[in-house]
Amino acid sequence: MSQYRTFTAADAVEYARQFGGVSDPSSLIDSEEVGDGNLNLVFKIFDRSGVSRVIIKQALPYVRCVGESWPLTLDRARIEAEVLRIHGHYCPDHTVKILHYDADLAVMVMEDLSHLAIWRGEQVKGLDYPQAATQLGEYLAQTLFHTSDFYQHPHQKKADVIRFTNPELCDITEELFFNEPYEVHERNGYPRELEPLIATLRDDDELRLKVAGLKHRFLSHAEALLHGDVHSGSIFVGEGTLKVIDAEFGYYGPIGFDVGSALGNLLINYCALPGLLPPREAADVREKRLNDVRALWQSFAEGFLALAAEKSRDRALAYSGYGAAFLRKVWCDTLGFCGTELIRRTVGMSQVADIKSIDDEAMKAGCVSQAVTLGRTLILAAEHVEDIEALIARIRQNG
Ligand code: SR1
Ligand code: MG
């Protein structure tokens with residue numbers, strides 16, 4: 001049994017030699033810590049030719065971007081490894097492979113995806129991966145259907161709800177998504193001139209009641225084993241390829257949370273594009289982003305409905321028409337959670353490169369304002385947006 005210690009670059013190489021599953025372990029000689037997320041250490045392990053061969057990820061006992069003043073459970077590494085293994089079982093094409101996991105060290109060894117690029121970075125550059133949104137929709141349909149009550153044996157489902165109870169990571173989401181952006185909070189940040197707009201988030205009773213309803217569903221609706229943090233920074237893309245990583249926020253929650261988070265990040269990019277690219281290029285790429293929004297929802301919804309029709313094991317839930325009725329509720333949740341993602345990523349603590357990369361401050365304020373206004377509209381109007389085309393019309397109306 002190994003005792004927890006924070007890995008050095010040399011520890012990571014040694015560990016990869018033992019557990020990396022490479023045929024020539026002694027050729028692994030070097031590593032680089034490349035973690036740029038908020039929580040963990042991530043090492044790329046290189047061979048003699050300088051080729052990156054495996055990835056070692058280690059959870060730190062605190063939130064990396066804040067420091068030791070914010071302790072955080074190491075058990076998140078177990079949750080991440082187990083969620084990715086289950087998601088990989090149901091959707092092997094679009095889930096990163098976990099090669100090895102060690103609970104004591106809170107370490108996992110993963111397949112190297114260096115030949116791919118993080119989707120957010122590509123979107124910030126205005127690049128388009130036409131199949132990515134469809135593939136992400138497939139990932140969501142497969143993983144969320146197969147871990148839900150439609151498919152799981154009720155005893156297994158209940159055991160998994162316990163196994164994936166993830167209080168500390170959920171607490172982060174509960175605060176960052178549903179509380180802090182709607183309060184005066186030291187972790188919030190936005191352009192000063194937007195104060196009157198941000199004040200409307202705090203002062204609007206109707207909005208606060210909708211956000212309360214969304215938080216309540218996040219707290220209590222154990223519908224499927226969520227990834228829990230599906231944003232474009234947790235997704236690698238390449239030509240015709242998409243792989244989801246980073247599932248430490250996984251837990252049993254409302255399906256619309258994962259779908260809404262994914263859509264929300266596409267829409268943050270949509271709002272940011274005028275600040276990132278010259279006007280004509282931005283307008284072009286915005287159309288592509290709307291195509292992504294459509295493709296993601298259609299691929300998720302069609303995939304989920306087909307699975308519900310063919311593979312539902314629960315006799316009552318298999319009743320003709322129930323899959324579609326359930327999907328209607330997921331649609332409303334999706335729009336609401338999408339709205340909260342737009343707001344929390346632009347007003348709250350975890351802001352994203354799409355906005356942070358905008359150099360012109362006035363332009364940045366305009367893009368944040370658009371994201372916040374769109375987020376607010378989606379939260380308020382979720383039950384009145386009929387379908388994906390109506391959503392796209394609302395997005396266009398927002399500017
Ligand atoms: C303190 S963690 C902040 C954010 O980073 C993660 O990727 C999640 O999105 C979380 O909300
Ligand atoms: Mg992450």
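Student: What makes β4 and β5 a pair in the antiparallel sense?

Tutor: Strand β4 (residues 62-63) and β5 are joined by two bridges, with antiparallel pairing. Pairing requires at least two bridges, so β4 and β5 qualify. Keep in mind that this is a predicted model.

Student: Why are β8 and β11 said to stand at the edges?

Tutor: Look at the order first: β8-β10-β11, an open sheet of three strands with antiparallel pairing. β8 (117-118) and β11 (241-244) each have a single partner strand, so one side of each has no neighbour in the sheet.

Student: What makes β10 and β11 partners?

Tutor: Strand β10 (residues 235-238) and β11 are linked antiparallel by four bridges. The threshold is at least two, so this pairing passes. One of the bridges puts valine 237 against leucine 242 in β11.

Student: On to salt bridges. Why is the meeting of arginine 289 and aspartate 292 called one?

Tutor: Their side chains come to 3.0 Å, N to O. The cut-off is within 4 Å, so the contact counts. Both residues lie in helix α10 (residues 279-311), three residues apart, or about one turn of the helix.

Student: And what makes glutamate 248 and arginine 76 a salt bridge?

Tutor: Here the N to O distance is 3.9 Å. That still falls within 4 Å, so the label holds.

Student: How many salt bridges does the rule give?

Tutor: The count comes to 29. Between domain 1 and domain 2 it is four.

Student: Where do the domains run?

Tutor: The domain assignment of the protein chain places domain 1 at 9-111 and domain 2 at 117-398. Their C-alpha centres are 26 Å apart.

Student: How do you know that domain 1 and domain 2 are in contact?

Tutor: Contact is counted for heavy atoms within 4.5 Å, and on that basis 27 residues from domain 1 and 31 residues from domain 2 take part. Between them the domains bury about 2400 Å², with 63% of it on carbon and sulfur atoms.

Student: Which residues of domain 1 lose the most area to domain 2?

Tutor: His87, Tyr90 and His94, which together make up 30% of what that side buries.

Student: Which elements give two or more residues to the side of domain 1 that touches domain 2?

Tutor: β5 (67-71) and α2 (75-90). α2 gives the most, with 10 residues.

Student: How do the residues on that side of domain 1 divide?

Tutor: They split into 14 nonpolar, six polar and seven charged.

Key
Residues are numbered from 1 along each chain as its sequence is written. Chains are lettered from A and ligands numbered from 1 in the order in which they are written. This is a predicted model: local features need pLDDT of at least 70, side-chain atom pairs count only at pLDDT 80 or more; totals for chains, interfaces and linings use all residues. Side-chain values use heavy atoms; hydrogens and water are left out. Domain bounds come from an automatic or database domain assignment. Buried area is the accessible area (1.4 Å probe) that two parts lose on being put together, summed over both. Ala, Val, Leu, Ile, Met, Phe, Trp, Tyr, Cys and Pro count as nonpolar, Asp, Glu, Lys and Arg as charged, and the others, Gly among them, as polar.
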